[in-house]
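Please keep the viewer open while you read.

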Protein chains: 4
Amino acid sequence: QEEDEQPIVDSEEATNKKRWILIRAVIGELLCTFLFIYIVCATSANFIRLKTVMNPVVGALSTGFASVALIYAFADVSGAHFNPSVTFSTMITRKTSITKGLMYIAAQLVGSVLAALILLATFPGDDFKGGNVASALAIEPAPDANIGNAFLMEMILTFILVYVIFAVAFDTVDNNVKTVVRGGKQGNNLTIYNTSGQTKAGFAPIAIGFTLGFLCFMGGSVSGGAFNPARVFSTALVGRNWTAHWMYWIADFLGAGLAGFTQSFFSTKYNK
Amino acid sequence: QEEDEQPIVDSEEATNKKRWILIRAVIGELLCTFLFIYIVCATSANFIRLKTVMNPVVGALSTGFASVALIYAFADVSGAHFNPSVTFSTMITRKTSITKGLMYIAAQLVGSVLAALILLATFPGDDFKGGNVASALAIEPAPDANIGNAFLMEMILTFILVYVIFAVAFDTVDNNVKTVVRGGKQGNNLTIYNTSGQTKAGFAPIAIGFTLGFLCFMGGSVSGGAFNPARVFSTALVGRNWTAHWMYWIADFLGAGLAGFTQSFFSTKYNK
Amino acid sequence: QEEDEQPIVDSEEATNKKRWILIRAVIGELLCTFLFIYIVCATSANFIRLKTVMNPVVGALSTGFASVALIYAFADVSGAHFNPSVTFSTMITRKTSITKGLMYIAAQLVGSVLAALILLATFPGDDFKGGNVASALAIEPAPDANIGNAFLMEMILTFILVYVIFAVAFDTVDNNVKTVVRGGKQGNNLTIYNTSGQTKAGFAPIAIGFTLGFLCFMGGSVSGGAFNPARVFSTALVGRNWTAHWMYWIADFLGAGLAGFTQSFFSTKYNK
Amino acid sequence: QEEDEQPIVDSEEATNKKRWILIRAVIGELLCTFLFIYIVCATSANFIRLKTVMNPVVGALSTGFASVALIYAFADVSGAHFNPSVTFSTMITRKTSITKGLMYIAAQLVGSVLAALILLATFPGDDFKGGNVASALAIEPAPDANIGNAFLMEMILTFILVYVIFAVAFDTVDNNVKTVVRGGKQGNNLTIYNTSGQTKAGFAPIAIGFTLGFLCFMGGSVSGGAFNPARVFSTALVGRNWTAHWMYWIADFLGAGLAGFTQSFFSTKYNK
């Protein structure tokens, strides 16, 4: 903790330390995306094998609970993006450098493909309609939804995800709006801040994880409900299904970028 | 943060800043209501299209999780009411001015109607029994429930919602009741406060969001279970179904107002 | 807040203030029990009317979410017991005086009976097999479970509930066990305390509410799964079904008392 | 609290106190494992008796909610491992001494067997296919999964559980990475830390409990989904079913150990 006091100088040691932290972050992002993709895919594969009617609540709870846990576990290592569109939105709003962002996206793709491969090793294959487990889990738009419906749906879902992430994981508004003087005149807004300066950041993984949960209920019948290009990429590659693959990258990145800029509007400090 | 120290004067700059914060709050309320209504409606529409038996847990979890996330995301921007009856209750208890309250309600209605329109663009229409998706999602009392049952049900549901909001998002009781001296004689009540002065406000979005979740289980078979006039208004307008529309405004406002005053009783400071 | 400084004297004013706080607590306990019983009963009644197969998750989530919300809302007013066996356990462990405890239990019974009556006014009656809605919701042991099975089950369920309440809502162990010196040698236990002296009390409503949720899954097929004599009393009175009524009072009080004393063992300070 | 100030000396009194805290921890671990195993088994037994199709969400919510509650309740007494593979991972990473670890594992096995015995006393036996309730709940690999699939699945599930435990319940990374200077340049990572030094440890029971919840969705069709040798041991002993019993110990310990060392990599402080 004596390091807290020292000035930030670009000495050789500081450079080495920064590099070490970056490498660890990239490896963390790989591990964290591996775990996320494995968890959501294994959940679906498990219920295909159990031959139960897939209860829609299962997928949503699995995704939501896993996100809460993984964000608490990896937030201090890599930020726990596990989604290229999240990384993209932090790049264009200058919260992550281009280099780091591209390293993150590469790590996410490697991690997600590894997850799809380990899936093959854990789920015996006869239950998956002639294909392997990855092809059974590949995401594509619903046959009766045109590409415009699906595109708009993916854009909105990713918008919601990234908006919530930005709003709860970064400080948002002017300091003296947030401060509530206890018992004073300012406390009229419903606010989640208290006088001890506590912010909502500790609760961010809950808010973000629950968001990933309810998003699972909204778009399945239209776009397949991915809101994460890495999820689509992994099963597309291992399961050889590239239907409308480009759409998930473009729509998700557009929604994510729009969310980043929209939230920036609300977090702008007032300057006369 | 140097602004924290300065006295609150009605200088031109301060006036401009206040106006800017108000405008941002109204726009935030519009966006937040748009998202809430879109999320709950898209969830239902998705399951109509999937032709699965609608699992009642899906609607409740979607509403509950979305509320938790949106309240954390918008609480510091607008207070995250996304419900005209919540705004009404803060107006009559003088926590929101009449002007601001009316602007909020207008923003909520605009946001909810936009949500219903975007719904038309995302959900292809053949699955919705001849009408559009909005008419399929319109809320009305159950045929065999008389208007009195439905009115009372809506009133109770909104009472519960607003009571919880007031109790968890505002400080409630005399300060020295709340303070628990650690290890001392006062700690006999089950209390959620600790000596570091932490209040329950950080947890408010969880308590309120879970409340919106369980309310979905209670009144569907009687009143349709709206407890939010903006939810009813959006699908009434876009789906052209105005059955008993007035009832949702009157019953919900009555329940909300009653809750506001009841909770005020418990939060009154003792004065001999 | 100037009251914080003043010595606690038994002046007339202090007496009046204490009485006012007590009256408010008793009324709060009545309102809170009314809401809890109404919420869990209306959930069941709603699904009887909807003629859906009652999804077991619905009851558990409704009970769990409602408990989280009500405990956050009423903890600082009355402690949010809403269960005579909880009050009983705080009486015998001297956390609540006999007088206050008896007033609480009376308030809980009045509140729960009011809830059953309002239920009659909100749920039209033809769906409830010839009886009213309260008789359809009355709790009794399963026909093929003998009274010993049911008694033991109720005792265990209430034990779990009260143990969790005591362990999370009161400070439990020696201070210097709880303190974790950051980066020091003491931090080897998985602990939920940090150096800023934060306790788990702020999370207590979540832990207790989730407990009420999962308890709903455990005993329904044996004892009916009440773990709350007020829940049994309200529908017994309004629905006229007193089968094995005494058992719920005796078994729940025994389980609650045992839990209180067991947890006291773990929270005992070490004295050579 | 005057004990906080005194130097830690190995006086007789200090030794006695340490022994007392250790004994209490071991007894706490026994009680906590008893409760956990009883809760998850009673949930399954209840639904076998109710003859409803077992909703997969029930098991996951029961396990997840119970874990959240029990970890908040017992974390300060024993650390709330209730799983020999968790204890094993803390032993090999030197967070728990060998002696204490072995006492914990013994206590966990005794507690889990007691739970299986009490299960016999609470669930009348005719519904359990000729065997007792414990044999109906015994865990074994799926018939069509080879032992390799099952082994790998158990290893991954336990890896996920222990990784999350280590990452959220211990401080993980260099201090000055975690610190976010409010409004400063460092706050670019999504982080759950704030300037008041709050760590994520208060949320650990939520992250860990949710993890135990979603793990229930993933491996049932392959390995039976135990990720806890004590869960397998209790019903194996009382229900006399030792199929592939060794596998749960080896695979779970391997996964747990691997997780402990992997997370240690991420929590290593940088030293040039």
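Which residues make a nonpolar surface patch of about 310 Å²? Val110(A), Leu114(A), Leu117(A) and Leu120(A) do. This is a predicted model, in which local features need pLDDT of at least 70 and side-chain atom pairs count only at pLDDT 80 or more, while totals for chains, interfaces and linings use all residues. Residues are numbered from 1 along each chain as its sequence is written, chains are lettered from A and ligands numbered from 1 in the order in which they are written, and side-chain values use heavy atoms, with hydrogens and water left out.

**Surface patch**

- Patches take residues with over 30% relative accessible area and no salt bridge, joining like charges within 9 Å and nonpolar side chains (Val, Leu, Ile, Met, Phe, Trp, Tyr) within 5 Å; a salt bridge is a side-chain nitrogen of Lys or Arg within 4 Å of a carboxyl oxygen of Asp or Glu.
- Leu120(A) sits in helix 4 (residues 98-122) of chain A; helices are DSSP runs (H or I, at least four residues), numbered from the N terminus.
- With a relative accessible area of 35%, Leu120(A) is partly exposed, the class between buried (under 20%) and exposed (over 50%), using a 1.4 Å probe and protein chains only.

**Aromatic pairs**

- Over all chains, the whole structure holds 64 aromatic pairs, meaning rings of Phe, Tyr and Trp (its six-membered ring) with centres within 6.5 Å; planes under 30 degrees apart are stacked, over 60 edge-to-face and the rest tilted.
- One of them is stacked: Phe34(A) and Tyr38(A) lie 6.3 Å apart, centre to centre, with 20° between the planes.
- Phe34(A) and Tyr38(A) are about one helical turn apart, because they are 4 residues apart in helix 1 (residues 12-50) of chain A.
- Phe34(A) is buried at 16% relative accessible area, and Tyr38(A) is buried at 1%.
- Tyr163(A) and Phe266(A) make an edge-to-face pair, 6.5 Å centre to centre and 85° between the planes.
- That pair links distant parts of the chain, 103 residues apart: Tyr163(A) belongs to helix 6 (residues 147-169) and Phe266(A) to helix 10 (residues 245-267), both of chain A.
- Tyr163(A) is buried at 1% relative accessible area, and Phe266(A) is buried at 2%.
- Ring pairs also link Phe65(A), Phe210(A), Phe65(B), Phe210(B), Phe65(C), Phe210(C), Phe65(D) and Phe210(D) into a cluster.

**A residue in chain C**

- Ser44(C) lies in helix 1 (residues 12-50) of chain C and is partly exposed, at 25% relative accessibility.
- Ser44(C) and Leu137(C) are 93 residues apart in sequence, yet their C-alpha atoms are 7.5 Å apart in space.

Note on methods: Helix = DSSP H or I, 4+ residues; strand = E, 2+ residues; numbered from the N terminus. Areas by Shrake-Rupley, 256 points an atom, 1.4 Å probe, with all protein chains shown as cover.
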